[in-house]
Amino acid sequence: MGKYILKRFIYAVIALAIIASVSFFLICMKPGDPIVAKVQQLPDSSRQVLIAKYGLDQPMTTRFVEYMKGLIFEGNLGDSIVYEGRTVNMLLKTSAVVSAKIGLIAIAIQVVIGVLLGIIQALNREKLGDQIIRVLVVLAICIPTFVFCALLQYFVAFKWKLAPIMGWGQPIHYVLPVAAYSIPGIATYSKYMRTSTVGVMGEDYIQTAIAKGCSQRRLVFRHILRNAILPIVTMVPVAVGNVFGGSMVIERFFSIPGMGQHYVKAVSDSDPYLILGMAIFFALMYIISLFFVDILYGLVDPRIRITKNAR
Amino acid sequence: MEANSKLIFESDDFEVVGTKGLDAEKISKPSITFWSDVWRRFRANKLSVVGLIILVLVVLMVCFGPMISGKDYQFIDYNMKNIKPNGTYWFGTDEMGRDIFTRVCYGGRISIIIGIACTVVSFIIGSALGGIAGYLGGVVDDFLMRVIEIIGSIPYLVLIVILSFVLGRSMFALVFAMTITAWTGTARMVRGQVMQLKQQDFVAAATALGASPARIIVKHLLPNTLGIIIVNLTLSIPSFIFSESFLSYIGLGVQPPETSWGALASLYQTRLMFDPYQLFFPCLMIVLTVLSFHLIGDGLTDALDPKLRK
Amino acid sequence: MKAKKWLSALLAAAMCVTLLAGCGGGGDTKKEEGGDSGDGGSSASSGAQELVAADTADVTTMDPIQTSMLTDQRASAPVYEALMRREMDENGELILVPGAAESYEVSDDELVYTFHLQPEGKFSNGDPVTAEDVVYSFQRAFDPNLASPQSWQLEDMILNARDCFEGNKELSELGVKAIDDMTVEITLATPNPNFLTVSTFPFARIVSKKFVEECGDKFGSSADMVMGSGPFKVVSWEPGFGSVYEPNEYYWDKENVHITKLTRKVVTEVSALAQSMMNKEIDIALMNDTDWNDMVDQTGYYDVKETPEMSTYFFIFNCENPMFSNWKVRLAISLAFDRDRYVEEAYGNKYIPAYSFEPQIATVGDSLWVDVAGDSKDYLKTLAEKYPDPKALLLEGMQEAGLGDDPSALEIKYTTLGTTEAVKKAAEWMKQELEANLGIKLNIELTETNVAYDQIDASQYELAFGGWGVDSGTEPWRLLRLFGKEEYYGEAKVHWTGEKADRYTELVTEMQQIFDPDRLLELYKEAEPLVLEEAPVTPVYCSKQRALVAKNVSGYQAHPFLLPDYIGVEKTAE
């Protein structure tokens, strides 16, 4: 196992290095001038000074080497151009936590409700309960997030005054964003859960368990759940890795200072090091989450043993 | 009665009946292929048939709607703005006086094409690479997984901006940009399934019988993963429709005056509190389409899954 | 009816999830729910005056010399003070009142200004404001390494400022000197009546030398890196969320500061802003949205003040492109659409249609431009009478330029400025109008704002859109100068050449050097028709500021040129 983790670590470092390099050159190719995003009515002379200040006049390779030096030796993701004087590390630290808080709560809700709904559907396959949940699930998946946010904001917050329209800081401010974040996920998880539960229920060992006179409760939790949850287990770490990216739409609607807003703004401002820093951070989270997926495969499914594959 | 008492048989007591009788014993039902069996089981699922009917209706409406309404989806007539649905304007008009019915039909063409094109592309690439990675394991798996990690990590929005700049703001560019990273999800899913399945006895049996890896992946492993893949597919069509609507929301989607359901929803969402019907219709169409794909997907899952075969 | 049912079904589902979310959030959610009602907390405490203001874009810096976006400037304004302050008198005229300087004297040749600092002037950490800090602040503004994006507005006024800014002279040679601890002397290059006004601008505001040197290049980047001598200090500031201010207890004029806590929220989504305002959660905001204006006004909670701004938006033709080399083609396009209808139908009247480059508030001497302009007023209307058939004009121009006589062969790429829904709608409107009226073909290319500027810079555009805002004064030359050869939208970007372009450049150069209203009027009257008829650029609309102030807030001065410092603002219970 230790050897396996070491190998994965080395791979992760290589992958990150490639991602950082590819992203760096991609971002340099991206049209748009960060200086213009910062100041629109700038005389050309001042503009030249700013371009020189941020090293944008240097050849791409020189900038790349400089950036990589800072990244490797100091863990420095660079400076934002639009946010004068702020480092990318600072911006990441504050906003990633905000996005993660909302996302993690939402994922917990999604998994619990999604799995339960999925099992309920599978156990009552083709019965009324199954059909109703199916249709609700589709409705939940079908509404674009921005429509959903607009509806929640208008009815729950504005009309019924059950939650604040927007804001951040108090626990009550979590309600609407978490709701908006959870719904599509609940639908997705319950859908996967239904399919895989139905599959598991067709397996021989379930028939055996039933024949042995296993109780319904024990059957569901010991035999079905453990086997049927595999697809969900492999999806959760990726979802967790993604929460650090936040959701631009939700954050924008509810005025939450999270990563999603920053990322879209950085891209539209062409703020090169901010985009790059975020991209590297997302990549790191993604790679870590995939690593956990592979570990979890082995833990959850007795049929897969990672150490065997890794040799 | 006479025959009963006869104990010695002559050769002409027998007639050649061929193997007809044996066949009749072996197959109790008329011979059917795999696909017709799928279709039969699919038909048995009422909800799925409803889904198929809805989808056909939506597609018909999207194809022929503009002709039936006889209006231009981009014609602005300010005097006709914000008219509620009526006999002339079936879905009403928007705040620039454009006919929403025609716009919804027109936008649907683009949304459906984007959803299907992206799904097909990411399905083909994803299941091929996922299948190979999962079955072969070892170095190949490691390599492909790293490639997936890298591709999945490249900043998607930046890629879209660059591609739309290089390839122009066309639908091809949009499909290309959206699938370039999306297949990785399918690939990981298929790989996980294949890893699980390849330990099972039927694969060992096939290997023992000398089947080539390609044959095992295509004939034995992929069919067994179809259930999960189809759920993935039916979920990915709406997710592509939404990706496009998100891109429209931040201004990177289809180029005006072209439109899509996502673009319409994003535009009419601003009128939610004033003229909710404007938002209602594009959303209704998205819901119907996605609903139908889901119902069809559910039906297909049950119909295709070898484990569920009755 | 159907829509409503559908909505309520959806919401029932949404509500279930909301409830679940509440439970899932853990016990804390429940406990604190009662305490917070999200109303800004104004009603709870009696003595406290807590004010909530909203902003539509994020604040990127609070270093006064680096602030260039309006939101940055509005966020920094309560923290820093300039030598003089601008405020509105009873007639709505802007006047200068003492700021960090108690008084000033001007030498007879109008070149030397001597400022006497407030004896009680202190930074919010208690340090006194000294002449050394003032000199340091001005030196920062012209430090080439800091590259202040705004200080060019003073660089031709203060002695040696341009040389310092370009790195040709040491900063110590800048015409800003400390005479003693409390006296500063500023020497101008040439007499300029605008100097005092410009010296109130953000980049000329005073910072503490000691504090800035301690912060280094992090100055202005977070709450603990911001400090000034203005009426308020920043207690917290989070990007994407907003900032909180409390009064500076050392401020020299603290008797006039009544607000005890000021919160500035960043609200990018207009529907969130509008609904919060309808819930009376926000006291002051700038809001101009076609869909929401009426809804918010109907609450009756706000006083709405609309003021035309000194900013004009215009189409830019790339005159280098053979399609636009002939002025008749450009003028035909410029006359082919109705600006009144454009602003009403595409923008719901949130702008003011422009028939010349001068906004309604432009002034010549003491009179409004529209009153003295005579024939040059709204000259595009005059041109429309002169050339009643734009299509004929287009064909004429096409033939002269050798483009044939088929207007549908003229396929124009229109590079938009931004990608928002409003921009899309306006572009679609323009496409239909131009195609119907001229028979040409317009291809919309949705372009992010900064990419559009990039393409204009590199002349990779055919028809583009641009704008320019002025906050320093209302003289027409501030906008007209832009199209002179060496200026921002000059030959390098627009490629307007020829005798008329040369003449125009002469005119705008002279405008910027003289102060005599009569001569200026003559220059304006020649330059305006010239550029409108040649049409390398053509004005479309002017913007207006729409300030909403809650009726229980008094003393707030809403004016496009004023950055609110919340001095004298009071909030009473409803």
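Helix α16 of chain C covers residues 421-438, and at 1.5 Å a residue its 18 residues should span 26 Å; the end C-alpha atoms are 26 Å apart, so the two agree. The expected span here is 1.5 Å times one less than the number of residues. Helices are DSSP runs of H or I with at least four residues, strands are runs of E with at least two, and both are numbered from the N terminus.

This is a predicted model, where local features need pLDDT of at least 70 and side-chain atom pairs count only at pLDDT 80 or more, while totals for chains, interfaces and linings use all residues. Residues are numbered from 1 along each chain as its sequence is written, and chains are lettered from A and ligands numbered from 1 in the order in which they are written.

Back to the helix. Its buried residues include Val423(C), Met430(C), Leu434(C) and Leu438(C). Buried is 20 or more other C-beta atoms within 10 Å of the residue's own, exposed is 12 or fewer, and partly exposed is in between, with C-beta atoms placed from the backbone. Among the elements covering those residues are α15 (390-400) and β17 (441-445) of chain C.

Now chain B. It has twelve helices and zero strands. Of its 310 residues, 50% are buried. Its C-alpha trace spans about 105 × 60 × 30 Å along the principal axes.

Last, the interface. In chain B, 48 residues are in contact with 47 residues of chain A; contact is C-beta atoms, placed from the backbone, within 7 Å.

Technical notes:
Two residues are in contact if their C-beta atoms, placed from the backbone, lie within 7 Å.
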